[in-house]
Amino acid sequence: MEKRENTADQPIRWDVETFHRIYQAFFRILVVYAFRILHNEEVARDVVQEVFSYLWEHKVEFPNELVLKAYLYNGVRNNALKYIARHHAEITGKDPYGQDFSDLEALEKEDAMAYETLLQALLERIEALPDRQREVLLMALKGKHAKDIAEALQLSVETVRTHRKRAIAQLRSQLTPDGTDMLLLLLVMG
């Protein structure tokens with residue numbers, strides 16, 4: 001049986017091997033991301049573990065690895081903020097943000113839909129890039145280094161860097177004036 005590796009433009013097929021690969025690729029960096037929000041490593045690990053547990057239990061489908069990456073960061077951020085809200089409310093009896101968190105599930109769905117809309121817009125913009133820029137950017141988003149991309153595409157390392165810089169510059173030039181999709185671009189560009 002031929003082993004097929006998920007790439008940025010292929011649907012995620014859930015099995016133990018895929019889950020393990022994704023867990024290994026993202027767990028540490030997501031803990032660092034959660035730690036920046038929570039300032040507590042143990043809680044940060046728990047928050048990230050919750051996201052991965054949910055993924056494993058529900059086998060959430062993703063059209064590609066870019067959407068998965070965005071989902072992971074968004075899930076960690078949401079779980080960290082929920083932890084802060086719960087923890088703050090337990091200590092003070094007050095909501096830290098002045099918001100009604102009684103219907104967190106509805107808020108999460110609304111946030112997820114907005115995030116998915118932004119991500120879809122970003123993916124469409126990536127698809128509209130010139131072929132080489134798109135190819136280089138997608139490989140970079142999969143974690144490949146400039147040297148590896150250069151070898152695979154038979155380009156110089158400097159050419160790869162130039163294509164990546166131009167692709168990111170073009171995406172940045174298309175950001176909305178209010179900057180709502182800047183967070184998404186920063187998240188995906190890592």
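This note goes through the helices, cores and loops of a predicted model.

1. Basis. The model is predicted, so local features need pLDDT of at least 70 and side-chain atom pairs count only at pLDDT 80 or more, while totals for chains, interfaces and linings use all residues. Residues are numbered from 1 along each chain as its sequence is written, and side-chain values use heavy atoms, with hydrogens and water left out.

2. Main core. The largest nonpolar core has 37 residues, of which Phe 52, Leu 55, Leu 72 and Ile 126 touch the most other members. A nonpolar core here is a set of buried Ala, Val, Leu, Ile, Met, Phe, Trp, Tyr and Cys residues joined through side-chain atoms within 4.5 Å. Buried means under 20% relative accessible area, exposed means over 50%, and partly exposed lies in between (1.4 Å probe, protein chains only). At least two residues of this core come from each of α1 (16-38), α2 (41-58), α3 (65-92), α4 (104-127), α5 (131-141) and α7. The most are given by α1, with nine residues. Helices are DSSP runs (H or I, at least four residues), numbered from the N terminus.

3. Leu 55 and the second core. Apart from neighbours within four places in sequence, Leu 55 is in contact (heavy atoms within 4.5 Å) with Trp 14, Phe 19, Val 60, Phe 62, Leu 68, Tyr 71 and Leu 72. A second, separate core has seven residues, including Val 136, Met 139, Ala 140 and Ala 150.

4. Ala 152 counts as exposed because its relative accessibility is 52%. The C-alpha atoms of Ala 152 and Val 136 are separated by 10.0 Å, the two residues being 16 apart along the chain.

5. Packing of α6 on α7. Helix α6 (residues 146-153) packs with helix α7 (residues 157-173) at an angle of about 105°, and their axes are 8 Å apart. That makes the two helices roughly perpendicular, a label for angles of 65 to 115 degrees. Axes are lines fitted to C-alpha atoms over the stretch in contact, and angles run from 0 to 180 degrees between N-to-C directions. From α6 the contact uses Ala 146, Lys 147, Ile 149 and Ala 150, and from α7 it uses Val 157, Val 160 and Arg 161. By class, five of these residues are nonpolar, none polar and two charged. Nonpolar covers Ala, Val, Leu, Ile, Met, Phe, Trp, Tyr, Cys and Pro, charged covers Asp, Glu, Lys and Arg, and the others, Gly among them, are polar.

6. Lys 144 sits in the loop between α5 and α6. Lys 144 counts as partly exposed because its relative accessibility is 38%. Leaving aside neighbours within four places in sequence, Lys 144 is in contact with Met 139 and Ile 149.

7. Positive phi values. Gln 154 follows α6 and is placed in the loop between α6 and α7. Gln 154 is not a glycine, yet its phi is positive, about 55°. At 73% relative accessibility, Gln 154 is exposed. His 39, in the loop between α1 and α2, also has a positive phi, near 60°, and is a residue other than glycine. His 39 is exposed, with a relative accessible area of 63%.

How values were computed. Angles under 35 degrees count as roughly parallel, over 145 as roughly antiparallel, 65 to 115 as roughly perpendicular and the rest as oblique.
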